[in-house]
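Visitor: I would like to learn how to read a model like this one. Please take me through it feature by feature.

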Amino acid sequence: MRLYAQELRRILKSTRAKVVILLAVLLPILMALLANEFNDANTLDSDGNIVPLHGREALLFIKENSAEGNGEATVERLQDALLTYQSLYDEYGMDPLGSGFPLDVLWREVQPIRPLLRMITLTYSTQEESVDLRNMSVDTLDSFYEDVEAKLISVMQSDQELRCPVMISKAQHLFQKVSTPFYVSHGYSRDAFDYIEFAILFLVILSVALSAPVFSERYSTGEDSILRCTLYGRGKLVRTTVLAELTVVTVMYFVGIGLHLLISDMMFGFDTLKESVQTLYTVYSLPNMNLLELQIVLALSGWLCCMAVTAMSLCFSARVTETSTSMVLSLIIVILPTLLYSISGGVSWLLAFLPSASVGLSNNMLMSLVDLRFLMIGDKVIWYPVILVCTAAVEFFLFVALTHLVYSKHQVTK
Amino acid sequence: MELEMKNLSKNFGKNKAVNCVSARLTPGVWGLLGANGAGKTTMMRMMAGILEPSHGQVTFCGKDIRNNSEYRSAFGFLPQEIQFSKDLTVIDYLNYVAALKNVAPALTKERIDHLLSVLTLDGVKNKKIVKLSGGMKRRVGIAQAMLNDPSVLILDEPTTGLDPGERIRFRNFLSASSADKIIILSTHIVSDIEDIADSVMIMKDGELNRIVSKAEYDDLEKLYISIFMEESDR
């Protein structure tokens, strides 16, 4: 405990840690504020002129005009929404979701039912053509949630990588666990969720900046020669250093992501977190979660990834004597999944086994949850997000053990 | 108490840095003299247990020093070249090393205060080590090596960077603390050890050329030069 306290003190006193921790607090806050900047809306002033709204002002306006539509997306409400759409179409002679529709009516009548109309459109449109809402029978919606499942199957059958029957069966099994009716609570944007992933990516990079130089710096300065020949200078020192680094990274991560989520949720409103993942993303998404649960899963999986990447950086650091080499190697591993995903355009076991597989741009945990991603092992199908969590956990323990081994076996030759 | 090197060798590729060195060290101050590149540092690293020998072994009281916690509890080491963590103060660093050496918490402050006073580091204890002069840094290095009051103390070129006054103070300090300890002082400067070493090991080309006790030489410098002249005469 004494050594652990000393090791923590040593880390926290370093200029590098101070800068990294400061960035870990400021960057997620900045990103949460930026996420709010993507809201835009047009309204009319008292003279009938169009007034563009932006940022928080637009968000409040959208939320105020959508509030009436919040609640469970029952079949009855979906049918009412379709009827409203059709009557507005007939009354104004134009598509209420198209451009040129009177703004005041749009906000008053269409905005509250917009998420419901989107769900109907996504469910009944085909790859070839969009559903004709104007002529659609409301009775079609009697079996809406069964039709969503059928849509899921048809989407998978039309995708070359997903058409395998066991994958479809697995997806069906997962979808059947999703609570219905979905819940609509308009306000939170997908951009804001992208920013959560950006914040996690930055926090992982900052963790690398903190942990990659730890042992290699001791080697390159010669300090290792002193520490290594003390009573606790090998096994106990490496275990304590790893534990202290992981503690600092964990606290830094949760403070950073916690502040990001808190600010983001305060701006969008905590009430919006009740919304189902399916109403914000694709209607046939597989996670049985609302947005709050999705945020928790993203934050926890991000933390697990952060731990795996930190352990990997420490392992590199224990192996190489140049700080810059350890840092560059670790950063390459962090960005490699994004590169591999953009080159291959899909997931693979190679990608999944990188400790940073769940952070990045299109390859991140959020996209893995809301997209349909699976991998096969023999004739078994595993949902990709589950693989990401398992590989990160395995790699964390693997790299911690390797760090211990590599550091203990290091020989002072320079 | 006895520290023994048995047929100790270290090869780096085809280069034999240390070749078949055997010696038995008992309490006292031991000088390790040799030109740069003679293999002193490699030998000290093997004695410190931070470099694995290619052949042979080092034993402390009859037991191999590898994974020997008794040896590491009783050991202090000052390497030739070190840069300290740039963010730690003298006192922070000594507290950190004391924890690593498992110096009892109650004793730590007393030991640190004593060493700071003896090594005249009192006035800079709250300063960052990187901001100290070369001589002061060296003294911090000596202080960390002495923290656990070691029975075996290995100092590799300890006087590098010390001014003449500091060298004298260091020699006096070492003489005063040498009772019942095996102290090994490596240097290529004869005057650093000739007054305080009870015995001197002279290394040349990775081999232990000879071990001479204080009683066996009148002029160490003359002896040292004659050993190195042998080579050129041949």
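Visitor: Where is the place of B:G135?
Guide: B:G135 sits in helix 5 (residues 134-146) of chain B. Helices here are DSSP runs of H or I with at least four residues, strands are E runs of at least two, and both are numbered from the N terminus. This is a predicted model: local features need pLDDT of at least 70, side-chain atom pairs count only at pLDDT 80 or more, and totals for chains, interfaces and linings use all residues. Residues are numbered from 1 along each chain as its sequence is written, while chains are lettered from A and ligands numbered from 1 in the order in which they are written.

Visitor: Why does B:G135 count as partly exposed?
Guide: Start with the rule. A residue is buried if 20 or more other C-beta atoms lie within 10 Å of its own, exposed if 12 or fewer, and partly exposed in between; C-beta atoms are placed from the backbone. B:G135 counts as partly exposed because it has 16 C-beta neighbours inside 10 Å.

Visitor: Which residues does B:G135 touch, not counting those up to four places away in sequence?
Guide: Contact means that two C-beta atoms, placed from the backbone, lie within 7 Å. With residues up to four places away in sequence left out, B:G135 touches B:G161, B:L162, B:D163 and B:E166. Take B:D163: 28 residues separate it from B:G135 in sequence, and the C-alpha to C-alpha distance is 7.1 Å.

Visitor: How many residues does each chain bring to the contact?
Guide: Chain B brings 29 residues and chain A brings 23. On the side of chain B, helix 1 (40-48), helix 2 (69-73), strand 6 (75-78) and helix 3 (90-100) each supply at least two residues. Helix 3 of chain B has the largest share, six residues. By class, this side of chain B holds 14 nonpolar, eight polar and seven charged residues. Ala, Val, Leu, Ile, Met, Phe, Trp, Tyr, Cys and Pro count as nonpolar, Asp, Glu, Lys and Arg as charged, and the others, Gly among them, as polar.

Visitor: How do I read a sheet?
Guide: Strands of a sheet pair through backbone hydrogen bonds, either parallel or antiparallel. Two strands pair here if DSSP finds at least two bridges between them. In chain B, four strands form an open sheet in the order 2-1-4-5, with antiparallel pairing. Strand 2 (15-25) and strand 5 of chain B are the edges, each pairing on one side only. Strands 4 and 5 of chain B are joined by two bridges. B:T59 stands opposite B:D64 in strand 5 of chain B.

Visitor: How is chain A divided?
Guide: An automatic or database domain assignment sets the bounds. Chain A has domain 1 (2-36 + 189-409) and domain 2 (66-182). Their C-alpha centres lie 37 Å apart. The contact takes 14 residues from domain 1 and 22 residues from domain 2 of chain A.

Visitor: What does the model score for ipTM and pTM?
Guide: The ipTM is 0.88 and the pTM is 0.90.
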